[in-house]
Amino acid sequence: MNKKYFKYLCISNKFVFLIAMFFGLMISILPDLGSKILFVTDTVVVISVLSSIYYLSYIHRKEEVSTYNAFPITKKELWKTRFIFSCTLVSCWMIIVLFIGLIPSYLYGDLKNEYLIKGIILVAVTVLMLILLNVVLQTICAFIIESCNNLFDSVISMIAYLALPIYTLNTLQYSLGMTTYTIGNLFNYVPRLVLSPIGFPKEFISKCTYFFLYGDQAIEVTQTLLLVITFIMWILIAIILYRLMLKRIQTHGTELANQKSTVWWITKVPVIWLTILFMMVLVAANVFENHILFIFVVVLYIVGLSIYQRKLVFTKNAFLVFVALFLGLSGFRFVFMKTEAFGLEEWLVLRRDFRNFYMQQKIDNSSSYETWQVTTSDEKLMMIIKDEVETTLNDYYATGNKNFAYSEDEVNLLQVGYAEDPSSYFNIYLSDERYQEIRELLVEKEYEKTIVVEPR
């Protein structure tokens, strides 16, 4: 980093910082510290991206590139100094906003008495986490900007690579929910932002805020572990990208400014990635007979390819790639259903001993339900439950995920799960004969039933 140039940037960007601080002070005067912290967290995500674009996209304008190249510092020093300044600017902004924000929260907010120390600790932890998030985000954005040849491609690619991981998780949850009986439920344990660099800091700050200000906050070990692992992965990715970026910027030519981008992972991967996700939704729902939706995916694919080329593109190779994606995903769904999720679902479900389950039947001509919440060690009872679950899974895949839309008001309901926690339960619908068989065993073993009356 060139210290003189860094000092020059600090002096020449005073007006930008003052505008940012005016907006920040509007946030600081909010009385509720929790709301303030969560709002600043979301704001940091936005301004980290905007700051990267503002201070690093000069390489896409030939006049500015020529001017900066005339400075008595190397391209690498120039880029590195502007990158560090951008990270520092956002970090200073959040530190000032959050610590000044303690004053209104203390005077007329929720930081009275013993909560003041907790509030100071919470702000300190939040600042450290947001600084880390800011650096990771700006590194990713800086690498994308350096890889592109124009500002438009840079912005589109940043949106794609920051948003597509989140959409990917949602698509996987929907697709597995449509093609499996229970595996989709596992995504209830997966944090929504787990694949995003935003995930761990945002969830961690949210948990800390509720813990310090509003009492104990339950911590899901599995969810926290997933967030920690993925954020460490993003930190490692950011370190690798930073080193690559500094190597490549030295050879980034002036002639590339404002030209079409040519890097394959910029021009092709986001389009193919998004097309696959849309196809997964259609294939999972088995709605390709809906020609409008199919045409929409085709148009999306063509438009995506054409955006980077600035002209309509649909070559023979592009057509073959689309056909291959369609046939590949359709074939995968067929094999997936025929093998009952490659045997994974049966392994996940039937490995349990079914000691815990819940059973419910609506009492005729009333708004009441007979319910059984059971924890048992009876081998015969557990075997009956296991057989019923196995039969349901086999029927589900044999019918190709059809005829399984039942109303809980009209059928006998059995709930079992991957774990003892009721939140992991999934529904099995019993015939009257099967329900009575299990019920007789429960009565014989003197388990307690409950009558639940729903309000009309």
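The model is predicted, so to speak of local features a pLDDT of at least 70 is needed, side-chain atom pairs count only at pLDDT 80 or more, and totals for chains, interfaces and linings use all residues. Residues are numbered from 1 along each chain as its sequence is written, and side-chain values use heavy atoms, with hydrogens and water left out.

**The chain as a whole**

- The protein chain has 17 helices and 5 strands; helices (H or I, at least four residues) and strands (E, at least two) are DSSP runs, numbered from the N terminus.
- Of the 456 residues in the protein chain, 45% are buried; buried means under 20% relative accessible area, exposed means over 50%, and partly exposed lies in between, using a 1.4 Å probe and protein chains only.
- Among contacts between residues at least 6 apart in sequence, 78% join residues at least 24 apart, where contact means heavy atoms within 4.5 Å.

- Two packed helices are described by the angle between their axes and the distance between the axes.
- Axes here are lines fitted to C-alpha atoms, for helices over the stretch in contact, and angles run from 0 to 180 degrees between N-to-C directions.
- Helix H3 (residues 33-56) packs with H5 at an angle of about 160 degrees, and their axes are 10 Å apart.
- H3 and H5 are therefore roughly antiparallel to each other; angles under 35 degrees count as roughly parallel, over 145 as roughly antiparallel, 65 to 115 as roughly perpendicular and the rest as oblique.
- The crossing of H3 and H5 is right-handed; a crossing is right-handed if the near helix is turned clockwise from the far one by less than a right angle, and left-handed if anticlockwise.
- On the H3 side, the contact includes Ile37, Val40 and Tyr55, while residues on the H5 side include Trp79, Phe83 and Trp93.
- By class, the contact of H3 with H5 has 16 nonpolar, 5 polar and 1 charged residues; Ala, Val, Leu, Ile, Met, Phe, Trp, Tyr, Cys and Pro count as nonpolar, Asp, Glu, Lys and Arg as charged, and the others, Gly among them, as polar.
- Helix H5 (residues 75-100) also packs with helix H7 (residues 115-147), at an angle of about 150 degrees and with axes 10 Å apart.
- That angle makes H5 roughly antiparallel to H7, and the crossing of H5 and H7 is right-handed.
- The contact of H5 with H7 divides into 16 nonpolar, 6 polar and 1 charged residues.

**Helices H13 and H14**

- Helix H13 (residues 291-309) and helix H14 (residues 316-338) pack at an angle of about 140 degrees, with axes 12 Å apart.
- That makes H13 oblique to H14, and H13 passes H14 in a right-handed crossing.
- Phe294, Val297, Val298, Tyr301 and Leu305 of H13 make the contact with Ala318, Val321, Phe322 and Phe326 of H14.
- This contact of H13 with H14 has 9 nonpolar residues, no polar and no charged ones.

- Strand S4 (residues 425-430) is mostly covered, with 6 of its 6 residues buried.
- In a regular strand the side chains alternate between the two faces of the sheet.
- Tyr425, Asn427 and Tyr429 point one way from S4, and Phe426, Ile428 and Leu430 point the other way.
- Strand S3 (residues 412-417) pairs with S4 in the antiparallel sense over 6 bridges; two strands pair if DSSP finds at least two bridges between them.
- Glycine 417 has tyrosine 425 in S4 as its bridge partner.
- Glutamate 388 sits in helix H16 and is buried, with a relative accessible area of 12%.
- Glutamate 388 touches Ile428, Tyr429, Leu430 and Arg434, leaving aside residues up to four places away in sequence.
- The C-alpha atoms of glutamate 388 and isoleucine 428 are 8.0 Å apart, though the two residues are 40 residues apart in sequence.

**Two exposed loop residues**

- Serine 377 lies in the loop between strand S2 (368-375) and helix H16 (379-398), and serine 377 is exposed, with a relative accessible area of 55%.
- Serine 377 touches Arg355, Met382 and Tyr447, not counting residues up to four places away in sequence.
- Threonine 251 belongs to the loop between helix H10 (221-249) and helix H11 (264-267), and threonine 251 is exposed, with a relative accessible area of 63%.
- Threonine 251 and lysine 76 are 175 residues apart along the chain, with their C-alpha atoms separated by 9.1 Å.
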